[in-house]
Amino acid sequence: MNFEAFVARQHAAGRLVVQPRMGFADPGVMRDGLAATKRADATTVGTITLDSYTRVCDTDSVDHALRNGIPLNGYPIVNHPPAVTRRMLDGIEGPDFPVQVRHGSARPADIFRAMIAAGLHATEGGPVSYCLPYSRTPLDEAVRNWEHCCELLVEAGGRPHLETFGGCMLGQLCPPSELVAISVLEALFFYRKGLRSISVSYAQQTNLGQDQEAVAALRRLCAELLPEATWHVVIYAYMGMYPRTPEGAMSLLGNAARLAVSTGSERLIVKTAAEAHRIPTVPENVSALEHAGASATGRLATVESDNQVYREACALVDAVLNSHADLGRAIVVAFKRGLLDVPYCLHPDNAGQARSRLDAEGRLGWSELGSLPLRGVAEHAPGGRITSSTLMSALSYVQHTHDTRALDHPMTAIGGDSR
Amino acid sequence: MSEEVRAYGGGVVTEPGRSTVIVSSMASDSHTWNLVYLELLVGELGFDVVNLGACVPDELLESETLSRRPEMLVLSSVNGHGYQDGLRVVQRLRSFPELRSLPIVIGGKLGTGGPLSEEQTAELLFAGFDAVFDDQQGAAAFRRFAAALPGAATVSVEGA
């Protein structure tokens with residue numbers, strides 16, 4: 001209930017809200033993680049990240065793991081009774097420390113029910129972003145599931161908060177205009193299902209200037225399409241292959257914080273120095289939060305809102321809205337026709353004809369448009385044939401850039417690029 | 001189920017005489033960049049690749065492996081449940097007499113706490129994997145393993 005109010009209050013005071021992605025199977029450990037997040041020397045909100053069995057509705061495997069002490073990669077909110085989760089949160093969650101549930105499910109009804117039963121009303125995801133990259137669930141089924149979940153949230157009353165995950169499709173190598181378009185479409189999907197407290201995500205990509213254009217585009221489209229909602233922008237620190245050196249990881253995270261500040265974004269999801277290697281510990285999360293908080297300096301950048309990312313995003317959003325009066329149907333139709341097409345996405349409902357490329361400045365653009373409605377809007381420069389090593393060098397571009405800078409000499413072996 | 005299966009790059013390309021390798025995640029893992037990369041890498045070694053994609057249920061993995069009779073099955077996971085999921089899956093697959101001698105390998109980030117212990121690696125091998133490629137090793141060891149299979153291209157793959 002208090003998520004948007006907290007973020008708005010901090011933003012008005014000139015503070016960037018920073019947030020981990022953190023989840024542990026054991027309620028005691030989860031509570032300690034939230035308490036440490038709250039205590040961190042930064043303006044924080046808490047996160048309960050769920051485990052990946054819960055994400056695919058495999059509660060039997062969760063049950064087996066809990067009974068046999070097998071480690072899980074997150075908090076199994078469906079298997080733990082609501083009373084257990086409420087006790088875990090008691091005295092920690094509140095108006096001064098809201099907590100968001102993060103999951104990744106294309107079939108999230110049980111998660112929403114469990115969350116609401118435990119008194120939590122802030123979560124994230126979306127019918128596209130939690131289906132295409134992460135599941136084999138047919139897109140039309142994911143759309144229906146997410147419609148139902150929006151209804152569950154609205155029925156729960158109060159002012160539930162929902163964040164789009166669309167600004168992070170596949171984590172990397174999706175051109176910013178398509179990230180913006182999907183984030184906006186998911187926000188509009190939530191809006192039309194009755195949500196009025198929304199945040200829109202955008203994940204840091206490969207070029208600061210282009211990322212600033214993207215956030216400006218995101219803001220302009222939201223202002224046009226969500227007139228009666230309260231919404232804010234959440235930046236994710238780079239979601240692709242993360243630097244392997246602690247110095248490289250911190251330099252990239254610092255850039256994410258400065259991206260957030262320079263675009264007037266209200267919240268930042270951090271990544272840790274351990275990210276490239278394993279699931280981070282609580283102290284590693286705390287130090288990432290504090291580093292991000294301390295790096296959140298600088299001023300608003302002047303960005304032309306009628307920029308290339310905006311023009312492309314606008315064309316994509318328009319094409320989808322013109323596909324069907326019902327936005328859920330429109331999204332399904334758009335993917336069927338290739339009007340939305342996520343490069344490198346393996347899901348059967350993705351056309352798989354569009355391709356992205358990095359130019360010499362690290363700007364992310366198109367090499368193949370497929371059926372995207374971007375002819376005459378976007379330039380596309382056909383790249384060479386994609387091989388395992390050209391793909392790896394694109395995937396590790398950011399990692400390599402920051403690790404190389406950190407070590408002050410070239411590290412040719414980084415990324416395990418087929419050597 | 002095979003309409004669910006679409007190899008990256010536009011369909012399963014079959015060339016006469018080429019053998020097939022299946023690349024797959026396991027049921028709870030949604031990561032796919034590793035699979036896209038492996039598809040290209042294994043294709044460059046001269047195999048047709050069937051990429052089963054994210055969150056592959058055990059039953060689909062079994063039916064695809066039984067019906068396609070690949071030269072190798074590559075399981076890749078980075079979400080930290082690979083160790084326990086791998087143990088389960090390989091024991092199920094090895095229970096089919098037709099799959100007893102199929103090369104089955106696993107790799108990636110297989111535990112929630114960093115590299116697997118020697119004991120965990122030994123357990124995966126004991127359960128039926130022919131090789132375990134930890135994330136820290138990079139792709140070189142896997143590439144050598146795959147290049148030594150009977151169906152691999154004989155051309156040099158160095159520097160690809």
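Where is B:C55 found in chain B? In this predicted model, in which local features need pLDDT of at least 70, side-chain atom pairs count only at pLDDT 80 or more, and totals for chains, interfaces and linings use all residues, B:C55 is found in the loop between β2 (48-51) and α2 (58-68) of chain B, helices (H or I, at least four residues) and strands (E, at least two) being DSSP runs numbered from the N terminus. Residues are numbered from 1 along each chain as its sequence is written, chains are lettered from A and ligands numbered from 1 in the order in which they are written, and side-chain values use heavy atoms, with hydrogens and water left out.

Phi of B:C55 is positive, near 50°, although the residue is not a glycine, and at 7% relative accessibility B:C55 counts as buried (buried means under 20% relative accessible area, exposed over 50%, partly exposed in between, with a 1.4 Å probe and protein chains only). A:L173, likewise not a glycine, has a positive phi of about 65°; A:L173 lies in the loop between β5 (161-164) and α8 (176-192) of chain A and is buried, with a relative accessible area of 4%.

Over all chains, 11 aromatic pairs are found, where rings of Phe, Tyr and Trp (its six-membered ring) pair if their centres lie within 6.5 Å, and planes under 30 degrees apart count as stacked, over 60 as edge-to-face and the rest as tilted. The ring centres of A:F112 and A:W146 are 5.6 Å apart and their planes stand at 90°, so this pair is edge-to-face. The pair links distant parts of the chain, with A:F112 in helix α6 (residues 109-117) and A:W146 in helix α7 (residues 139-156) of chain A, 34 residues apart, and both residues are buried.
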